[in-house]
Amino acid sequence: MNNHEKERKGINVHVQERALREIYFPGFEACVKQGGAKTFMSAYNKINGTACSANGELLTKLLREEWGFDGIVISDWGGVYDSVEAIKAGNDLEMPQIDNRSESAEGSEGLQTFYGGTGFDGSSYLKVFEGDALCERAQVL
């Protein structure tokens with residue numbers, strides 16, 4: 001839906017559900033259901049006001065629940081604008097690991113890095129680092 005490079009990190013694409021399902025989604029759905037894709041990358045742009053990297057409707061409800069995707073979702077390089085929201089939405093790995101503190105994350109003052117992922121047991125988690133020291137590993141979902 002973001003078919004140009006100019007302002008790709010700031011573009012907000014407005015598109016109706018029908019167009020998404022009939023035009024944009026079929027190729028991705030085929031990758032999951034027919035091709036057995038194991039990795040997806042979340043995009044820089046927003047769709048209907050929500051950043052792709054923090055869009056639970058796309059990453060969890062559609063990709064994982066409706067299509068049955070069981071792989072990992074990796075953000076585009078620098079494409080996460082709120083690490084906590086991205087993890088909650090279904091992003092498994094933020095590239096690169098940078099400081100994207102959520103304003104809603106309590107006690108985040110002074111912490112430098114959030115890193116989220118999925119554990120071997122399938123649970124989602126958030127690691128909080130201050131410098132190189134692991135401060136906390138918290139269950140997110």
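1. How far apart are the end C-alpha atoms of α1, and what would a straight helix reach at 1.5 Å a residue? The model is a predicted one, and in it the 17 residues of α1 have their end C-alpha atoms only 20 Å apart, whereas a straight helix would reach 24 Å. The helix bends by about 65° at Phe-25, and a proline, Pro-26, follows within four residues.

2. The residues of α1 that are buried are Leu-20, Phe-25 and Val-32, and the elements covering these buried residues include β2 and α2. Phe-25, the residue at which the bend in α1 is found, is therefore also one to follow into the aromatic pairs, where its ring and that of Trp-67 have centres 5.9 Å apart and planes at 85°, which makes the pair edge-to-face.

3. There are three aromatic pairs in the structure. In the pair of Phe-25 and Trp-67, the former belongs to helix α1 (residues 17-33) and the latter to the loop between α2 (56-66) and β5 (72-75), so that parts 42 residues apart in sequence are tied together. Both of these residues, Phe-25 and Trp-67, are buried.

4. A second aromatic pair, Phe-28 with Phe-40, is tilted, with 6.2 Å from centre to centre and 45° between the planes. This pair, too, links distant parts of the chain, since Phe-28 is in helix α1 and Phe-40 is in strand β2 (residues 39-42), twelve residues apart. Phe-28 and Phe-40 belong to one aromatic cluster with Phe-69.

5. The largest nonpolar core has 16 residues, and those that touch the most other members are Phe-25, Val-32, Phe-40, Leu-63, Trp-67, Phe-69 and Val-73. Helices α1 and α2 each supply at least two residues of this core, and α2 gives the most, with four residues. As a general background to this point, nonpolar side chains in soluble globular proteins tend to be buried together.

6. Which residues does Trp-67 contact, leaving aside its neighbours within four places in sequence? They are Phe-25, Phe-28, Glu-29, Val-32, Lys-33 and Leu-62. Two of the residues named there, Phe-25 and Val-32, are also listed among the buried residues of α1.

7. The sheet deserves a separate point. Three strands form an open sheet with mixed pairing, in the order β1-β3-β4, and its edge strands, each of which pairs on one side only, are β1 (12-13) and β4 (50-51). Strand β3 (residues 46-47) runs antiparallel to β4 and is joined to it by two bridges, with Lys-46 standing opposite Ala-51 in β4.

8. The C-alpha atom of Val-13 is separated by 6.1 Å from that of Lys-46, although the two residues are 33 residues apart along the chain.

How values were computed
Residues numbered from 1 in each chain as written. Predicted model: local features only at pLDDT ≥ 70, side-chain atom pairs only at ≥ 80, totals over all residues. Heavy atoms only, no water. Pairing = 2+ DSSP bridges. Phe/Tyr/Trp six-rings, centres within 6.5 Å; stacked < 30°, edge-to-face > 60°. Buried < 20%, exposed > 50% of the residue type's maximum accessible area, 1.4 Å probe, protein only. Core = buried A, V, L, I, M, F, W, Y, C linked by side-chain atoms within 4.5 Å. Contact = heavy atoms within 4.5 Å. Expected span 1.5 Å × (residues − 1). Bend = angle between axes of the 7 residues up to and from the residue.
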